[in-house]
Amino acid sequence: VGYGSPAALQHLIHILLCRRRQLIAWSSSTRFGPHTAKPQVSLPRRFSGSFPPSMANASRLLVLSMSWNNFAGPIPTNLGNLRDLEYLQLNVNQFGSNKQNDLSFIVSLTNCTNLRSIPQEIGNLKTLWLGSNKISGSIPQEIGNLHNLYFLEIVNNMISGSIPETIGKLSKLQKLGIVVNNISGKIPSSIGNITGLRNLGAAANMLEGRIPAELGNCTNLQELYLGSNHLTGKIPEQVIGISSLTIGLYLELNEFTGPLPSQVGNLKNLGALSISGNKLTGEIPSVLVPRFAWQFLDGAIPSSLNQLKGIRELDLSQNNLSGQIPEFLGKLPLMRLNLSHNTLEGEVPKVGVFNNISAFSVAGKNMKLCGGIQPLHLLACPIKFSKKNKIPFPDKMIPLLIILPIVLLLAWGGEGEFAKLKSCLESILRLGVIYSAKLPHERMDSGNVVKEIHQITKAYNE
């Protein structure tokens, strides 16, 4: 690709090297003050090559978008010459040199006092998009000098080191995305200074230590992604109780301990909560919301789940739940249900979500479940006889059935046969009493009854 002479570059305002679908999405939702992004060309293929340092000669440049290509190599450190730059989009390329100074160009961006982008939902926001490249190194302390930055995304790279304390100087920041990197250390408490933060994504890193309670100062936070790290300690009440959280709170696959704070009840509008894969203990708080994933439960599946009339996804896997699967789960509007790796027993319901084998899971330790569902390798349940199914039998006939064999044996069998019959009848009557006990846990199941009868018959025939 030829970029022309420096003189020609000086007159450029927009350089759009992003791919066709990106241009369409961008032009329909993005405005830049008096300038409306109207792409003049569409690009049928990906561009490749390195980032030319001569691009910095386009001194009047407002928009530079090179996303969704195969550009590679280091990002030049002279981008600060583009003082009027409003929008810089370099995501989804191969940028990076596998060196610790891959992010050093950020230092020069402090000269770009107009660096900004305007997403559809908010408008007039300043942004830096570097996601899905091969950028290495650590986030420089100078990141805090980008005082007008509203949007910072460096997801899916190879960033290492820790999050600098200076990140707290970005008081206008509304979205911070550093998901899927190699960032370690603690989450700085200074992040609580970014009170306008709406989205914080730092999942799939190597962060450790506790979540700073100061994060609770971010009272505009709508999404928090901290899953798949090494975070420890209790989940701070100040964080779990941020009532502005409406999209999602993801804390799964960490090492949190203790109970889930009762402040979770403040999250009445939360769309998704995932805290599985931790070491939490206790019970589900009384206030519940849809699409939650728990991993700290024991005992029976709580009946309070029946209140979730709008629930679509429910994950109760990897717990110590016991007892039967309640029928009401089949009456909820569930699209997905995960009950795997518990110790549930009894018959699997056959209504609602249970009608779709691929929509629910009972795999793992639920060895006592039944229902005759072959794809799930469940045996048929034992036949239960209720009072409605019993054949009426005159009570007056029972003594006759007991006395008649005794009389016949006395007449033809002698005392020896009588003693054997007496022992046999006593054993059968004892089984009958145990099998018909009122309380379920006191009854002997039918399988064991059959075994006992075989033993009694064997002893009688000897």
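Predicted model: local features only at pLDDT ≥ 70, side-chain atom pairs only at ≥ 80, totals over all residues.
Colleague: Among contacts with a separation of 6 or more, what share comes from residues 24 or more positions apart?

Modeller: Such residues account for 48% of those contacts in the protein chain.

Colleague: How is strand pairing to be read, and in which sense do strand 24 and strand 26 pair?

Modeller: One looks for the bridges between two strands and for their sense. Strand 24 (residues 320–324) pairs with strand 26 (residues 343–347) in the parallel sense, over 3 bridges. Within this pairing, Ser322 has Thr343 of strand 26 as its bridge partner. Strand 26 also pairs with strand 28 (residues 368–370), again in the parallel sense and over 3 bridges. There, Gly346 stands opposite Leu369 of strand 28.

Colleague: With which side chains does the side chain of Gln89 make a polar contact?

Modeller: One partner is the side chain of Ser65, at 2.7 Å. Another is the side chain of Asn91, at 3.4 Å. If neighbours within four places in sequence are left aside, Gln89 is in contact with Leu64, Ser65, Met66, Ser67 and Trp129.

Colleague: How are aromatic pairs classified, and why is the pair of Phe47 and Phe71 placed in its class?

Modeller: The angle between the ring planes gives the class, and planes under 30 degrees apart count as stacked. The count here comes to 6 aromatic pairs. In the pair of Phe47 and Phe71, the ring centres are 6.5 Å apart and the planes lie at 5°, so the pair is stacked. This pair links distant parts of the chain, 24 residues apart: Phe47 lies in the loop between strand 3 (35–36) and strand 4 (48–50), and Phe71 lies in strand 6 (residues 70–73). Both Phe47 and Phe71 are buried.

A contrasting geometry is found elsewhere. Trp129 and Phe151 form an edge-to-face pair, with 5.5 Å from centre to centre and 85° between the planes. Here too distant parts of the chain are linked, since Trp129 is in strand 9 (residues 127–129) and Phe151 is in strand 10 (residues 151–153), 22 residues apart. Trp129 is partly exposed at 24% relative accessible area, whereas Phe151, at 10%, counts as buried.

Colleague: Which residues form one aromatic cluster?

Modeller: Phe47, Phe51, Phe71 and Phe95 form such a cluster.

Colleague: What is the idea behind a nonpolar core, and which residues of the largest one touch the most other members?

Modeller: In soluble globular proteins, nonpolar side chains tend to be buried together. The largest nonpolar core here has 65 residues, of which Leu130, Leu152, Leu176, Leu224 and Leu249 touch the most other members. Helix 3 (105–108) and helix 4 (237–240) each supply at least two residues of this core. Sequence neighbours within four places aside, Leu249 is in contact with Leu224, Ile240, Leu267, Leu270, Ala272, Leu273 and Ser274.

Notes: Residues numbered from 1 in each chain as written. Heavy atoms only, no water. Contact = heavy atoms within 4.5 Å. Pairing = 2+ DSSP bridges. Helix = DSSP H or I, 4+ residues; strand = E, 2+ residues; numbered from the N terminus. Polar contact = N/O pair within 3.5 Å; in protein donor to acceptor, adjacent residues only side chain to side chain. Phe/Tyr/Trp six-rings, centres within 6.5 Å; stacked < 30°, edge-to-face > 60°. Buried < 20%, exposed > 50% of the residue type's maximum accessible area, 1.4 Å probe, protein only. Core = buried A, V, L, I, M, F, W, Y, C linked by side-chain atoms within 4.5 Å.
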